[in-house]
Amino acid sequence: MARIGVFICHCGENIARNVDVDRVAEAAAQIPGVAHAESYRYMCSDPGQRKIREAIVAQGLTGIVVAACSPHMHENTFQNAVEGAGLNRYLCEMANLREHCSWVHSDREEATSKALELIAIMVEKVKRNQPLAPIRVPMTKRALVIGGGIAGIQAALDIANAGRDVVLVEREPSIGGHMAQLSETFPTLDCSQCIMTPRMVEVKNHPRIQLYTYAEVEAVDGYVGNFTVTIRRRARSVDESKCTGCGACTQRCPQKKIASEFDAGMGQRPAIFIPFAQAVPNLPVIDRTRCTMFLKGKCGLCAKACPAGCIDYEQTDTLVTEEVGAIVMATGFDVQPPTLYPEYGSDPDIINGLQFERLLSASGPTAGEPRRPSNGEVPRSVVFVACAGSRDPARGVPYCSSICCMYTAKHALLYKHKVHDGQAYVFYMDIRAAGKNYDAFVHRVIAEEGAQYLRGRVSRIYRDGDQLVVRGADTLSGTALTIRADLVVLATAVTPRPGSDALAQKLSVPYDAFGFASEAHPKLRPVETNTAGVFLAGTCQAPRDIPDTVAQAGGCAAKVLALFSADQLEREPVVSRVNEATCVACFDCERVCPFHAPEHRELRNRAGDLLRVVSHINEGVCAGCGLCVVTCRSHSIDLAGFSDEQTFAEIGALAPF
Amino acid sequence: MSVAFYPGCSLHGTGNDYAQSAHAVCQRLGLDLTELEGWTCCGSTPAHNTSALLSVALSAQNLRLASDQQRDSLVVACAACFNRLRSARHEMAHDEVLRGRVEHVLEAPAPLDVRVDHLLELLLDTYGLDALAARVRRPLTGLKVACYYGCLLVRPPEVMAFDDAEHPTSMDRVLAACGAETVDWPGKTECCGANLSLSRSDIVVSLVDRLLDQAKRAGADVVAVACPLCQANLDVRQTDVTAQTGHRYDLPAVYFTQLVGLALGAGADELGLDKSFVDSRPTLAGWLS
């Protein structure tokens, strides 16, 4: 005889505001099979959970319905509570009175009666629940990190230092990402390279990190604990085992005027090049789209210059397969080019923030001295424009790029440090300096460095002779401004790295309208994704600065290590099972399953003779989606915890109402 | 598609060279530009400065006429009329209360079935640039034109939905199809001072001075406009600019239709080139037969 306990949560006021919880408790107690019903303000709190545990023991309850929020939110919480009282965790169900009822209805009377219906449905279900035991499967305790910027480097080092092997894949010829391009970092003005490059070397020398640069993730198969990843190693056209990084090839290359990606177009590189002096690995790569040998079939000067005979024009891409148990996505960001607004024109002296970083960097094309791209002179007046594309739903992106207020203040400061008599102007919408010591930094830039902050937008930029004319509004004084500038730096919007959406698809990770990967829960599961075993670090999820990125990457590492801490992977026992007696071996289930869980099982008699072949679901792979259940023509498949019998009982529960 | 032409008051008065050249162009392209029968003033600035209902109702009345005359679209040349008509349509479509009041005044349903198109849109979208280029008889090769859009054609963008509000290129594309070289200049959507021409001519003089200076610096031979008031300010006020600032420009301000007409083979008289204060004929002599 079922003895079901119903526990109704007020969720503060979230549910109680629109649902008469006391009346629901009274009515629920009358449902056949319900032995106990009560309501409480916060059922998820310690006293709330204690109520459940005590009732189970005192009343000998055989099943629990918690009528509260979404099971996405707290199913695990209540299952743990039930388990603490000695009841199988799968004998606990949730009726969603918040998202499915109180939040979406305004009529209290109707919401109250719907709440009771939702509870009655779950009571009928839980009466038919069976105790289930978790499934244990082996796992590969090795992680894949995709992206070798500061996020990927931090995650890889944290995991590797804890004693787990890591495969780090970077698309570019060197790791380092955008942070290696930066001059100094706000608000402490640490030299970016000085704090970044030692970490890059650490990655290269770490015995537990397998580094693939100039490589991309081609395919991802499998599931948490057991991913099989195919990695495409693009042909460097250089034999990595022999190359010493002497650079003779790069100096001999006749192509010298290719815009350098590392210098954001502010400097030039040859067709065979090492991206920057501190690159890891410090090996050249041939840009086949620009190399004369590949375009015209002759040249070969780099091969002649190489003392070690490393140049290999015939090299081809290779595919490697790696087995891993967890994946960290850390693919980073890009900044938009400074050409979004046609009324600003396209002038060589209008650049974006990343380009200005390269002009300020000691490793940059001007050795750290800001110079105008048009004529190489030191700019005497620089206009910085914040929100040049961000927070502009009509023409740019609607979101805040989060880092621009701070790096623009830093730019103004570094410019003043390098050009003492120069004038910096900053057009801004409002200043968002919410990090530790950030606001003080901005005030220092305004008060001590003399940067002139102007609240308003720039309407037009045009060239007048040797200078640029910037026209804009100062909305605090209500005046139109015309400023003559030698250089204009636009803080353009932060966007996800191109191709990160395609990668997210390979990883089955959802992403938003702008291409930023979506976390499982914005507050409680910020580094997890809805795909088990895949985690997010850094700006592939949202624009953020270096401290936040490093913290989040560390969070990813902790999640990966926690996953690897168990001997075996425990999986939810909500999986499909085949009734072998009725299976007709049509294998429609095999065709519809997105996870390749159905297998062919041979049934043999004692003598070993083959009787027939039936479908068998691999429990380690099954995700419990139920596609096979609805497809099976002989009704031979049932999903544990979601059987046909339970579903029909749930529908039947609505009949009395 | 059946269209009616809404000239507005200016094109029957000071801007009749705009009307003349618009008709010359459309006639040569085989575009019907029959005037809307019984049209009335759009109310212009005086109406919408005094009564929001009046300003919308005046435009609604003209749309009502177009609808009654089974026209799909009302084609407008004057930027101010165009702005009023499109704004009225937008406001009626987005404000039910206002629409009800307008219907009460009109004693008829709000005529939201009639589109409002600018002459530039007629050439660009209905006729097409390739077709226009094919009809060019005297390409304006070598003529440098600063296309001036002013305020009312493009703003506010959510109402006008005309081109890029900050960097429009419609007129540039039309004139480029006629062979002209349009210059990139910063003044294309700056204000000319509009009707302050009479009450605060000092402001108009300073604005016109800046516009002409920018156009001249960009190397323009002429400024092309799509608004009778812009044309008047840029043209008539040049003598005042010279008197007050000492800057002498001699830069003709012509309607874009006059340049298109020229390219299509129309003569100076047909296009009303004799009507402006700064005579454009010496500059355009090379293309006048």
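This note sets out numbered points on the domains, interfaces and local features of the structure.

1. Basis of the note. The model is predicted; local features need pLDDT of at least 70, side-chain atom pairs count only at pLDDT 80 or more, and totals for chains, interfaces and linings use all residues. Residues are numbered from 1 along each chain as its sequence is written, chains are lettered from A and ligands numbered from 1 in the order in which they are written, and side-chain values use heavy atoms, with hydrogens and water left out.

2. Domain layout. Chain A is divided into domain 1 (4-127), domain 2 (142-234 + 317-332 + 499-564), domain 3 (248-305), domain 4 (334-495) and domain 5 (576-639). Chain B is divided into domain 1 (3-119) and domain 2 (137-287). These bounds come from an automatic or database domain assignment. In chain A, the C-alpha centres of domain 2 and domain 5 are separated by 37 Å. In chain B, 24 Å lie between the C-alpha centres of domain 1 and domain 2.

3. Extent of the domain interface in chain B. Contact (heavy atoms within 4.5 Å) links 26 residues of domain 1 of chain B with 26 residues of domain 2 of chain B. The size of an interface is often given as the accessible area lost when the parts come together. Buried area is taken here as the accessible area (1.4 Å probe) that two parts lose on being put together, summed over both. For domain 1 and domain 2 of chain B it is about 2,100 Å², with 64% on carbon and sulfur atoms. On the domain 1 side, Asp17(B), Tyr18(B) and Arg28(B) lose the most area to domain 2 of chain B, together 26% of what that side buries.

4. A salt bridge requires a side-chain nitrogen of Lys or Arg within 4 Å of a carboxyl oxygen of Asp or Glu. The count between domain 1 and domain 2 of chain B is 1 salt bridge. Arg28(B) and Glu270(B) are joined by a salt bridge through their side chains, at 2.6 Å from N to O.

5. Elements on the domain 1 side. Three helices, α1 (8-11), α2 (16-29) and α5 (79-94) of chain B, are the elements that give two or more residues to the side of domain 1 that touches domain 2. Helices (H or I, at least four residues) and strands (E, at least two) are DSSP runs, numbered from the N terminus. The largest share of this side, 11 residues, comes from α2(B). By class, this side of domain 1 of chain B has 12 nonpolar, 11 polar and 3 charged residues. Ala, Val, Leu, Ile, Met, Phe, Trp, Tyr, Cys and Pro count as nonpolar, Asp, Glu, Lys and Arg as charged, and the others, Gly among them, as polar.

6. The interface between the chains. Chain A places 8 residues in contact with 10 residues of chain B. Together the two chains bury about 820 Å², of which 38% is on carbon and sulfur atoms. The rule finds 4 salt bridges across this interface. In a salt bridge between Asp464(A) and Arg217(B), the closest N and O atoms are 2.7 Å apart. Strand β24 (residues 458-464) of chain A gives the most to the chain A side, with 4 residues. That side has 2 nonpolar, 1 polar and 5 charged residues.

7. Disulfide. Over all chains the count is 1 disulfide, the term being applied to a pair of cysteine sulfur atoms within 2.5 Å. Cys191(A) and Cys194(A) form a disulfide with their sulfur atoms 2.4 Å apart. The link is right-handed, with 80 degrees about the S-S bond.

8. Backbone features. A cis peptide bond joins Phe186(A) to Pro187(A), with omega about -10 degrees. Pro187(A) is in the loop between β8 (184-185) and β9 (190-191) of chain A.
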